[in-house]
Amino acid sequence: MMDTPRLHLGSLLRTSSDASAEGELDHLDYEQGGRAQTLRFARPAPLSVDVNPLGGAEMYLQGLFEPALIMECARCLRDVEVPLEIKLGTLMRHDPSVESPYLEEAETGEEVLVFGDPDLNLSDYLAETTLLAAPLSVLHAPDCKGLCQVCGHDLNEGPCEHGAQVPVEEIDDELGVPEGTVHAKQTPFAALRDFKLPEE
């Protein structure tokens with residue numbers, strides 16, 4: 001098991017020999033917007049990476065990453081396993097002045113992974129690639145009933161006392177107030193909607 005996906009590129013930079021790394025990851029720690037984040041995997045994710053020199057400071061990374069990402073159901077928030085098969089392929093450029101690896105767009109439109117430390121941490125690159133490959137939302141089942149909008153009860157486990165008054169799938173006006181006399185009367189928007197100025 002790999003704690004951190006690292007590529008050791010010292011020999012490649014000195015002798016133009018190939019470099020490779022392989023192993024399994026059970027999660028990915030990465031940074032996004034200056035904050036530490038973690039991608040969770042349902043099981044160890046196989047990773048295989050090869051880097052070939054292209055001449056000068058440029059090289060090419062290719063490989064395969066197969067994470068089973070854990071996402072939340074868009075309706076009931078249950079964990080959903082989302083298996084992915086990601087073919088890796090990106091240009092790389094070594095720049096000793098770079099402190100943290102980053103992706104930039106080349107003139108050809110391709111993304112280039114620019115790095116400074118020959119002991120290259122691939123966590124941010126793999127996290128971004130995985131998030132781009134993942135679906136925007138998932139359901140744990142096609143007929144997922146979601147959560148009650150009043151008490152948060154999981155309706156897949158059976159109805160709750162609010163089910164008849166506040167159906168999840170119906171909205172009674174453009175403001176998004178759920179149907180149901182009890183809750184609609186308690187909503188200040190409903191009172192404003194019926195308010196009329198006195199006639200002079």
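This is a predicted model: local features need pLDDT of at least 70, side-chain atom pairs count only at pLDDT 80 or more; totals for chains, interfaces and linings use all residues.
## Overall layout

The protein has 4 helices and 10 strands. Reading from the N terminus, the order of elements is β-α-β-β-β-β-β-β-β-β-β-α-α-α.

Of the 200 residues in the protein, 33% are buried. As for contacts between residues at least 6 apart in sequence, 47% of them link residues at least 24 apart.

## The nonpolar core

The largest nonpolar core holds 38 residues, and the members touching the most others are Leu9, Val51 and Phe65. Several elements give two or more residues to this core, among them strand 2 (19-32), strand 4 (58-65), strand 7 (86-94) and helix 2 (123-133). Strand 3 supplies the largest share, with 6 residues. As background, nonpolar side chains in soluble globular proteins tend to be buried together.

Phe65 is a handy place to start looking around. Beyond its neighbours within four places in sequence, Phe65 is in contact with residues including Leu25, Leu28, Phe41, Leu47, Ile86, Leu88 and Leu126. Glu85 and Thr130 are also among the contacts of Phe65.

Glu161 counts as exposed because its relative accessible area is 68%, and the cut-off for exposed is over 50%.

Cys151 lies 10 residues from Glu161 in sequence, and the C-alpha to C-alpha distance between the two is 9.1 Å.

Note on methods
Residues are numbered from 1 along each chain as its sequence is written. Side-chain values use heavy atoms; hydrogens and water are left out. A nonpolar core is a set of buried Ala, Val, Leu, Ile, Met, Phe, Trp, Tyr and Cys residues joined through side-chain atoms within 4.5 Å. Buried means under 20% relative accessible area, exposed over 50%, partly exposed in between (1.4 Å probe, protein chains only). Contact means heavy atoms within 4.5 Å.
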